[in-house]
Amino acid sequence: MTDNARPGRPVLGQNQYGKAENRVVRITRDGATHHVKDLNVSVSLSGDMDEVHLSGSNANVLPTDTTKNTVYAFAKEHGIESAEQFGIHLARHFVTSQPAIHRARIRIEEYTWERIEHAGEGAHSFVRRGQETRLAQITYDGSAWEVVSGLKDLTVMNSTDSEFWGYVKDKYTTLPEAHDRVLATEVAGRWRFNWTDDEREAPDWETSYEQVKKHLLQAFAETYSLSLQQTLYQMGARIIDHRSEIDEVRFSLPNKHHFLVDLAPFGLKNDTAEGAVYFAADRPYGLIEATVLRDGSEARIPADLTSL
């Protein structure tokens, strides 16, 4: 028995390393009022790393434990103004302080805490808000920045003003046309900023996030939807129209189906106009994905958001 060998020696391809999911919580005190920033930070570094793979030499390797320590130290030294700004501090540090590191990618999830109002003294009690997880990815190669922000797990629903009809039908089609349906989805989105170099003033990251979320929610609520694709486009287009700092938006929207329950066997009419009962199906689900670009811009957010 012989190996089915092909000519040509193996060559090392793209590689990176770092410390994933460093959970860091920064609590600042303004008298009796406290403020919480809760991040999950992943660091990925690449550059002159051939030898560690080929010969095992660690001469160019900054230990991943050091990157972890840097995350915590920077949270103290620089504070956490925003997920994006914190990621910029980290990426700049790794690329400029280590000659062998040519590119740093910082991925951040931010978890929001909401203040609990109570009759006691001070403002230091919080409840974890369950609306969505904020996301940021910062990439730096020593000369140019790429900042992609986003969110996931933002569940929204319109109980009416949605239809679905006029679609292709073949012998396998059983879905009835709907002229008044529930439209629900769990928004996962990313948006790419056109800020790429230090010569330009950086966006106000906190304001930008709040405004993007506002516009995507308003577009979802205000669009009379004939398809989830139409709603997705309106969400992205509204962001591009209203936020000049953003050139590209990509959404992944699972269709959270709500099916009218057949109550006829029980002698009951289940009519939307009279207040209907639905079965909320969690799977399988339709998955609608698309990118909306500013005219003249290049699409750079990956089609598969899980590999961003």
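In the predicted model, K256 is positioned over the face of Y285, at 5.7 Å from the ring centre.

The strands include an open sheet of eight, ordered 1-2-3-6-7-8-9-12 and paired in antiparallel fashion. Strand 1 (22-30) and strand 12 (286-293) each have a single partner strand and stand at the edges, so one side of each is left without a neighbour in the sheet. From one strand to the next, the twist averages 20 degrees. Within this sheet, strand 6 (residues 133-140) and strand 7 (residues 145-158) run antiparallel and are joined by eight bridges; I138 stands opposite V147 in strand 7.

Two helices lie across strands. Helix 3 (residues 83-97) lies across strand 2 (33-47), strand 3 (101-111), strand 6 and strand 7, and runs at about 160 degrees to strand 3. Helix 5 (residues 228-242) lies across strand 8 (183-193), strand 9 (246-255) and strand 12, with an angle of about 155 degrees to strand 9.

Six aromatic pairs were found in a search of the whole structure. One of them, Y140 with W145, is stacked, with 3.9 Å centre to centre and 15 degrees between the planes. Y140 counts as buried at 6% relative accessibility, and W145 likewise at 3%. W145 also forms a stacked pair with W195, at 5.8 Å centre to centre and 25 degrees between the planes. This pair links distant parts of the chain, 50 residues apart: W145 belongs to strand 7, whereas W195 lies in the loop between strand 8 and helix 4 (205-222). Both W145 and W195 are buried. Y140, W145, F193, W195 and W205 together form one aromatic cluster.

Notes:
Residues are numbered from 1 along each chain as its sequence is written. This is a predicted model: local features need pLDDT of at least 70, side-chain atom pairs count only at pLDDT 80 or more; totals for chains, interfaces and linings use all residues. Side-chain values use heavy atoms; hydrogens and water are left out. Two strands pair if DSSP finds at least two bridges between them. Helices (H or I, at least four residues) and strands (E, at least two) are DSSP runs, numbered from the N terminus. Axes are lines fitted to C-alpha atoms, for helices over the stretch in contact, and angles run from 0 to 180 degrees between N-to-C directions. Contact means heavy atoms within 4.5 Å. Rings of Phe, Tyr and Trp (its six-membered ring) pair if their centres lie within 6.5 Å; planes under 30 degrees apart count as stacked, over 60 as edge-to-face and the rest as tilted. Buried means under 20% relative accessible area, exposed over 50%, partly exposed in between (1.4 Å probe, protein chains only). A charge sits over a ring if NZ of Lys or CZ of Arg is within 6 Å of the ring centre and within 35 degrees of the ring normal.
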